[in-house]
Every structure is written in structure tokens, then in C-alpha cells.
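Subject: Structure handover

Hello,

Here is the structure I said I would pass on. My notes on the ligand site and on one helix follow below it.

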Amino acid sequence: MKKTGAEIVLECLVREGVEVIFGYPGGAIMPVHDAMLRYPIHHVLTRHEQGAAFAADGYARASGKVGVAIATSGPGATNLVTGIATAMLDSSPIVCFTGQVPAHLLGGDAFQETDVTGITLPITKHNYLVTRAEDLAQVIQEAFFIARSGRPGPVLIDICKNAQLDEVEFEYPEDISLPGYRPPSHADPAHLEEAVKLIAEAKRPVILAGHGVQMSGATAQLREFSEKTQTPVGMTLLGLGSLPASHPFSLGMMGMHGNAYCNQAIQNSDLLLAFGMRFDDRVTANLRTYAPRARKIHIEIDPSEVHKNVKVDVALIGDLKTILNDIAPLLDPGDHEEWLEQISEWREESEARDILSWPSEEKLHSAHVVQDFWQHTGGDAIVTTGVGQHQMWAAQYYNFDQPYRLITSGGAGTMGFGLPSAIGAWFAHPDKEIWTIDGDGSFQMSLPELATAVQEGANVKILILNNNFLGMVRQWQEFFFDKRYAATPLTGPDFMKLAEAYGVPAKRVSERKDVAAAIEFARNTPGPVVIEYLVEEEDSVYPMVAAGADLDDMIRRPITKQKTAPAD
Amino acid sequence: MQNTLIAKVENKPGVLNRVASLFRRRNFNIESLNVGRTENPDVSRMTIVMEGPDVDARKVEANLYKLVNVLDVQDVTNQPAVIRDLALIKVKSTPEHRAEIANLANIFRAKIVDVAPDSVIVEIAGTEDKIEGLIELLLPMDIVEMVRTGQVAMLRGEAPGIRHTPGANGNNQPKHYKK
Ligand SMILES: Cc1ncc(C[n+]2csc(CCOP(=O)(O)OP(=O)(O)O)c2C)c(N)n1
């Protein structure tokens, strides 16, 4: 059957199971938007292409499917770039479509021509420039496959306008031939045996669970491994939820703002089991002194991540779930009572210092807000965040018991990610409670997307922790720049009036006693709601490992201010 | 020390750019990079030479495999291989000097491929060492211009190169994916 290239795009999207696309129209992509009207695919008009890419990313992480964003050529395409880089660094499967000038004008600087495949080469898993309608079906099928398989990531398809308009015979390819792309699944059996030996010899093992656990769907396998071998589990920011926070073997988050006892366990470990994580500098701190007495086993699908930052003793290259299934029958039950005892001691000491045991009368602490928010949502909300202190507090005090409940920009640390990714997550799970915990700075980077939420009737709740600062940068200035607050004081708009202008119900809270009521108000009000908490302005995230310091050399919350008995 | 890798890549537009971009981004220092056609019209072949004390061939290989268009990578450093470089060297030469240059060329099994009134072009193919040797002797005669292709390499007989990351490109899995 003859179809235009634009129709072929839609035919392929329908076959990939795509139901929603986030995008922004423009001249070079008009034929695709036009054809969309004839297909059962909902287009969400964001207010900026960056928001479309973030929303596609949020959708992908919440649904486990591929998210789709679409934009026109030139500025439309370049506006996607930060979103694509964000997806790349967090291995998030999105496919981005961009319009391009007609093929015969390529390279001539025609109106709104930019070399977007060139620009996105280093920030995509793969990209395509399509100049002929005949090639579209093949390319789109490949793109979705590449985006979601192996180590997932963003793929961009730049389509010349003539390739959208031309009518050609449409045939959906039966299968894909990508001879250079064959992600590994099973690890080498010999290496499995070496790993089993190290595991049996370990006295102080720690599992490091990364994003890979959730991406490969290995949470059950992780839990089984941990329980059978009696191995505690530290998690990366994107790994939170791999093992329930309430599980006795959970050490919570590791790294720069991780739990002190988690970092102490890593530094004193004699065997690290890295599951689908990549030893990012935010989790290792000083590499030279990282886990000095530990042997290391790395299970990882991307061979270029192995030995990259940390040399390991055994590398198991392949799909984590497959490998954990393969290794399970080879494992003997472990017994590490002494080690777990030691960790409990560290943990008690950490908890005594924790801000949760601080009084809450005078100032409103962000940590308290997040803690109350966690309790009132039963730990069951999908939480997206911006980037900064609020992101760390969300990670520290919302106890994630399930995978993909935290959706946050980890590798790139991209401010502005919170609201649009929440909108994307809502399209994946309209039945679930979706919140974004945002900073006043991060929120202002994506605040136009409030209109998107309103237009779509998206049931997303926006919790702003307003400290009138670019707080995380301010914290660094406090610690490392003698409190010289350069470019960090931040005047926001009146968020109540702003919300009103958008037709969004809103509440402002400045005392702890009102925290919960506002959350309930948001939960009981359909559609988007803004809750602004006026929090302590010069609060800091603890513990903190300074850049370049050793992982267990942490700046701790000053103990002097602390109250002995925990507050209710 | 020199490291030599052979990469087979899909013969598609932009693949060289992807490889070059990868090397730049990952800060891999390339001594020479040669790309050419092969017995299979769908496949191009790259010979990548890296120089330096801390070249990590494994890392380069693993990163190359991240590119969807890279089919196979082998490390042929210190393996039984034929490695050749081709150089064209233009040397200043008055008619009196020609015989001397021809003599040198002969010894190195090089050829004089062009003669102009005051210069000649010498063509030499061979290993790095051999070419360097000739260049050294020609230097005093005033080299006007020189171009080298960079090395190309081929393993002898059936000998396989080293694959540092077995399974990296799913080597033990079927070539065609069905969805
Ligand atoms: C797009 C972008 N620009 C700059 C930064 C650097 N940065 C990291 S955290 C931060 C401050 C964030 O402020 P806010 O969103 O108000 O959150 P807070 O730290 O106050 O909770 C900045 C500027 C960034 N991560 N992303």
C-alpha cells in the first residue's frame, strides 16, 4: 500500500505500541503532525522542546517503554539537546524525531537547517539522517530496538521534509539486521565460577545496586541474592528502590550524599558486588582510596564501563537479570552476622545524628517536609525531582520501596527535569499518584510546563521547597568558598499568584504543623496543584563527601545542635 | 609502544565521523587511522595505530563496540601480521644527484615514480622502520614534501587477533535478531 513518509512514521509508531508523543510543531515536521490526526496517538504539546524530551524520558522510566519526543528542525531540534544528553547519561530509552530541510538543500544553510545528527552524535546511543521515505520503516524499527535493548539510551531520527512528503510503497520489515549491534546476555561460565569463589570467601561483602537492576528487571533476583548470601545492599541514586528501603539489608543511598553507614560499609568491605552501576565519581569519591581492601565483581552490560574507573577482579559482561539467574543455583547460603552487626552500629550512630531527630518548632526543614510527605503518601507516589538539595533530600527521606518510584536526572544532574518528567510519568501511570519535588530554581527552569499540565489535565502535584537560593550551589559556597554567595540568591515570583494565573490551586506552608494538611489538600484536588514550602534558607545536605575526599571522610551534620530524644 | 587495531565497520555514510568523534571524546590519541574498502562491499576496514605508554587497547575496543556500525575489532599488536605503510617523498635533486637517490631507493626496494627538473618523487611501501630508515637518509638531500598513508595491517594465515572483550558484540549469539 502506498503511504507518505509521514504516514509511515505513524504506522511504525503504532506498531511499536506508542500511545503518546511529546513535542512541538514547526515547518520542517508539519507533515508528521498532520498525519498524526489520523492515527490513535496522542500528541502532548509541551511549552519548550526540552520539556518534550524530559517528558519522554519520564514516561520511559515510569513505564519501562520507549518514550517519544518530536520537534522541528533548527531551533526545535537544538532545544531537545539537553533532554537527549540527560537521557544518555541515565541510559533512558527515548526516540526523538526531528524535521530536517529537504534533502536537496542539505548542507546549504537553508532556513532552520542545523546539523542535528552531528550535534547529537556524542549524546545519542545512535542517530539517523533519513533522506528517503523508503528508508523510514527500517530505520524506525531499528531505532526503537536500539533504544530499549542492551544498555538503553536515546536515539534520534532526523527526517528530511521530502522523505515525509513522498509517497512510497509501505512494507513493515519482518526483522532487523544489525550485524554490529548484538548486546551480550549470558556471561562467560568460567567467570561465573570465579565470582562464586570470591563470594564464598568474602567476610564483609556489600552489593552496589545501580540503575541496571531496574532496567533489566532484576529486583527479585537482587533480593534473592542478597538474602541468600546475607549481603547488604547499597544503592546509587538511580538504583534507589532496587531493594525496598524497608528491607533489613538495605543500606540506602551511597556516595556524596549517601548514608554515612553505607559509605562506611563500602570502605570497610572485603568484596564489592557492583550490579548494573558504573562507579561514577559521585559514588566513589577519591578513587585511590576507594574500598581499599575489597575485591570487586562487576556485572555490567556495557563492556566499556568495566575497569573504566575501578579495576575489578571479575567482570561478568551481560544482562544482569540473566546473570543473576545463572549464578543463583551456584551460590551457597552466606552468614555474615558479625559484619551485619558492625553495620548496625554504624547505622545507629548515623540515625542519632540525623535531622529527623531534630526539633521542628522553629524552622521548617526540607528533610522534615519530605519525611512527612513520605508518610502521607504511604511511600507509594512516583516522585520526580529537579536537581539540587531538594533532590538529595527526596532521595534521602522518601523511603523508596519499589523500583522506578524515583525519577531524577542522575548522571547529567539537569535542573528543570522535575515537572516535565512528572507529566511524562503521569501519561505512563494516570492511575498513580505523581509528585515532583522541586527546588525554586529548578522549578523556574521548567515552569512554562505548568500550562502543559493544565491543558492535559495531568494529575501531577508540585511540591516546591523554596529556600530562595540555588541551594546546592549555596551549600558549596558555604563549605568551600567562605560563604561568598555569588549568583545564588534567587528571587522567585509569588508562586501562589503564578499558580492562580495558570488556574492551578495552590497552598503555601511555612510551619511543620501545616505540612501534612497541604499534602492532603493536593491529594484531594484533581489535576495539577502547587504546594510551596518556605523552608530554612541556609540548610545543608548531610552527610557530604567533598569533591576529591575519601568516601568515608564525610562532612557530618554538626552534632551540637542536635536534640537527644527524637521528635515526633 | 605502538598498538595496532583492526576494526571492521559497516560501509555507510558517517561511520568514519562516528569513530573519529569517539576517539576525540574519549581522549584516545591516534597516531594514524586508515580506512579502506574490503573484499565485501558492505564492509570497510580501519587500521588504527595508537602510540604511547598508556594506551589501553581493551578500552578502545570496548568503546568501539558501543558504535552500532562497528562489526568487529581485533588487536594485532605483537601478533603475526603484515603491516605496511606507503610514503611518497619528494626530494630536491639536480640531475647529478639522481643516481645517488636511485641507488638509495634500490637498496630499500623503493621506486622513483616521478622525475622533474629539480626534484624526484620516491615511493616506498613497507614497515614503519623501513620507511623511517629511508627518510633518514634522504633528509640531508632536502625533502620538499612528504605524505604517508598510515599503516594497514593483515594477520598472517589463520591467526586470530586478540579480542579483549569476548562477547562484547554478542559474539556467541545469532547474527540476526528477530524481535
Ligand atoms: C541546567 C543546570 N544548570 C546549572 C546546574 C548547577 N546546579 C546544580 S544544583 C543548582 C541549584 C539548584 O537550585 P534549586 O533548584 O532551587 O534547588 P535547591 O538546591 O535549592 O534545593 C545548580 C544551579 C545544574 N545542575 N543544571
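Predicted model: local features only at pLDDT ≥ 70, side-chain atom pairs only at ≥ 80, totals over all residues.

A polar contact here is a pair of N or O atoms within 3.5 Å.

In H390(A), a polar side-chain atom lies 2.9 Å from a ligand oxygen atom. For F469(A), a backbone N or O atom is 3.2 Å from an oxygen atom of the ligand. Of the 590 Å² of accessible area that the ligand has on its own, the protein covers 76%.

The ligand is surrounded by 17 residues, and the closest are Q389(A), G413(A), G441(A), S442(A) and G471(A). By class, seven of the shell residues are nonpolar, nine polar and one charged. At least two shell residues come from each of α17 (389-397), α19 (440-446) and α21 (471-480) of chain A. The largest share is that of α19(A), with four residues.

I also looked at helix α15 of chain A, residues 337-353. With 17 residues at 1.5 Å a residue, α15(A) should span 24 Å, which agrees with the 25 Å between its end C-alpha atoms. Its buried residues are W339(A), L340(A), I343(A), W346(A), S350(A) and R353(A). Viewed down the axis of α15(A), the buried residues fall within an arc of 125 degrees, so they line one face of the helix. E337(A), E338(A) and E348(A), on the other side of α15(A), are exposed.

Regards

Key: Residues numbered from 1 in each chain as written. Chains lettered and ligands numbered in written order. Heavy atoms only, no water. Near = heavy atom within 4 Å. Polar contact = N/O pair within 3.5 Å; in protein donor to acceptor, adjacent residues only side chain to side chain. Areas by Shrake-Rupley, 256 points an atom, 1.4 Å probe, with all protein chains shown as cover. Nonpolar A, V, L, I, M, F, W, Y, C, P; charged D, E, K, R; others polar. Expected span 1.5 Å × (residues − 1). Buried < 20%, exposed > 50% of the residue type's maximum accessible area, 1.4 Å probe, protein only. Arc of directions from axis to C-beta.
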